[in-house]
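This report is meant to be read beside the sequence and the structure. Please keep both in view while following the text.

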Amino acid sequence: MRYWDGGGWVWMAFMPLVWIVLIGLVVWAVFYLVHRSSGTGTGTGTGARHGYRWESPQEILDRRFASGEIDADAYAEAKKRLAEHQPGPK
């Protein structure tokens with residue numbers, strides 16, 4: 001009686017899964033590195049990355065107002081809300 005046949009059928013069933021996982025990891029790594037190097041990640045701190053430094057929420061608001069993304073009313077409302085949530089004495 002033969003108990004070991006080399007496991008050929010097991011490898012034939014298992015290898016496509018290995019390749020799918022391997023290709024998935026490579027694709028994930030490429031997206032992660034591109035996303036991280038482009039500065040579009042949210043990071044772990046407060047604010048957002050702009051260029052090579054982190055912007056505070058106030059700087060983001062100022063930049064959006066200066067570029068015309070938001071109008072004066074939206075800027076004033078957002079600035080008021082930011083002031084309410086800032087740490088420290090009020």
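Predicted model: local features only at pLDDT ≥ 70, side-chain atom pairs only at ≥ 80, totals over all residues.

The secondary structure comprises 3 helices and 2 strands, which follow one another along the sequence in the pattern α-β-β-α-α. Of the 90 residues in the chain, 9% are buried. The accessible surface of the chain amounts to about 8,000 Å², and carbon and sulfur atoms account for 67% of that area. When contacts between residues at least 6 apart in sequence are considered, 6% of them join residues that are at least 24 apart.

Helix H1 covers residues 8-37, and its 30 residues reach 43 Å from the first C-alpha to the last, which is close to the 44 Å expected at 1.5 Å a residue. Within H1 there is a kink of about 30 degrees at Phe14, a position shortly before the proline Pro16.

The aromatic residues deserve a separate look. A pair of aromatic rings is described by the distance of the centres and the angle of the planes. The count of such pairs in this model comes to 2. In one of them, the rings of Trp28 and Tyr32 have planes at 15 degrees and centres 5.4 Å apart, so this pair is stacked, given that planes under 30 degrees apart count as such. Trp28 and Tyr32 are 4 residues apart in helix H1, and therefore about one helical turn separates them. An α-helix has 3.6 residues a turn, so residues three or four places apart point the same way. Phe65 and Tyr75 also form a stacked aromatic pair, with 4.4 Å from centre to centre and 25 degrees between the planes. Because Phe65 belongs to helix H2 (residues 57-67) and Tyr75 to helix H3 (residues 72-84), this pair ties together parts that are 10 residues apart in sequence.

The table lists the relative accessibility of the residues in these pairs.

| Residue | Relative accessibility | Class |
|---|---|---|
| Trp28 | 55% | exposed |
| Tyr32 | 41% | partly exposed |
| Phe65 | 34% | partly exposed |
| Tyr75 | 16% | buried |

Leaving aside residues up to four places away in sequence, Leu82 touches Pro57, Gln58 and Leu61. Leu82 and Leu61 are 21 residues apart in sequence, and their C-alpha atoms lie 9.4 Å apart in space.

Is Glu55 buried or exposed? With a relative accessibility of 4%, Glu55 counts as buried. The side chain of Glu55 makes a polar contact, at 2.9 Å, with the side chain of Arg63.

Terms used
Residues numbered from 1 in each chain as written. Heavy atoms only, no water. Buried < 20%, exposed > 50% of the residue type's maximum accessible area, 1.4 Å probe, protein only. Polar contact = N/O pair within 3.5 Å; in protein donor to acceptor, adjacent residues only side chain to side chain. Expected span 1.5 Å × (residues − 1). Bend = angle between axes of the 7 residues up to and from the residue. Phe/Tyr/Trp six-rings, centres within 6.5 Å; stacked < 30°, edge-to-face > 60°. Contact = heavy atoms within 4.5 Å. Areas by Shrake-Rupley, 256 points an atom, 1.4 Å probe, with all protein chains shown as cover.
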